[in-house]
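Have the viewer open as you read.

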Amino acid sequence: MPQVNKQAIAAAFGRAAQSYSRHDVLQRQSADGLRALVAETAFTSVLDAGCGPGSNSLFWRRGGSVVTAMDLSALMLDEARRNQAADRYLQADIEAIPLADAQFSLVWSHLAVQWCASLPRALAELYRVAKPGGRVAFTTLLNGSLPELKQAWRAVDTQPHANRFLTGQQVTDTLSGWQYRSAIQTITLQFDDALSAMQSLKGIGATHLHAGRADKPLTRGQLQTLAQAWPQQEGQFPLSYQLFHGIIERD
């Protein structure tokens, strides 16, 4: 796997901090799926690891939890503060959480661990800061995500335009030895055109490629080629995501 540049990831999400909530349809639907798997809404203390602008932090805080919102991006944390989403804010990396062991009854990490260099290390850190009897709830993208985007770009060039995600089996293997339950969810969003579909990724900051990307913008001809190659559904341009929801019970 290419080297993970955490500063570049934080910068990409920081640029999207103020636009995020206008493009977070996937995040809201996926968070509903993870909460359904948690099956409870009452936790005394919650860590939202990879909080973004704080919509999930705010959900748990409104439910009576004392919430710590944590993100790699300082600008995302600024947005979470502006939204009064949490009781405490912490700029930190999920793979090296600067907190003592066993602090939270729920450690929530929604659509963040796919940006980590090592899923085992990330989950071990999330597990470490959960209290005995508590839970770790996480969602990550799987390798079946964004097939329409990948197909369309193949008509334009041979460069990668989406990160490679783990398979469901690889995530399950990582969970071996822990008491857990899981579910896989597929979400397909519909857009009026290919550009809108791609702008939805930019709007949430999910544009960083671990392998790097060319700085050249799309030409009009390339955009037309890409749009023609995009697999359409009744005149709409779909963008599909495959998600792995996992709940780990802390011993």
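Contact here means heavy atoms within 4.5 Å. This is a predicted model, in which local features need pLDDT of at least 70 and side-chain atom pairs count only at pLDDT 80 or more, while totals for chains, interfaces and linings use all residues. Residues are numbered from 1 along each chain as its sequence is written, and side-chain values use heavy atoms, with hydrogens and water left out.

Leaving aside neighbours within four places in sequence, V107 is in contact with L47, L126, V129, A130, R135, V136 and A137.

V107 also belongs to the largest nonpolar core, which has 27 residues. Such a core is a set of buried Ala, Val, Leu, Ile, Met, Phe, Trp, Tyr and Cys residues joined through side-chain atoms within 4.5 Å; buried means under 20% relative accessible area, exposed over 50%, and partly exposed in between (1.4 Å probe, protein chains only). Those with the most contacts inside this core are L47, M70, I94, V107, L126 and F138. At least two core residues each come from β1 (45-49), β4, α5 (119-128), β5 (130-141) and β7 (237-249). Helices (H or I, at least four residues) and strands (E, at least two) are DSSP runs, numbered from the N terminus. The largest share, five residues, is supplied by α5. A second, separate core of 22 residues includes L111, L149, W153 and L243.

Now for the backbone. Most residues other than glycine have a negative phi. Q84, in the loop between α4 (74-82) and β3 (88-91), has a positive phi near 50 degrees and is exposed, at 58% relative accessible area. A102, in the loop between β3 and β4 (104-110), has a positive phi near 55 degrees and is partly exposed, at 32%.
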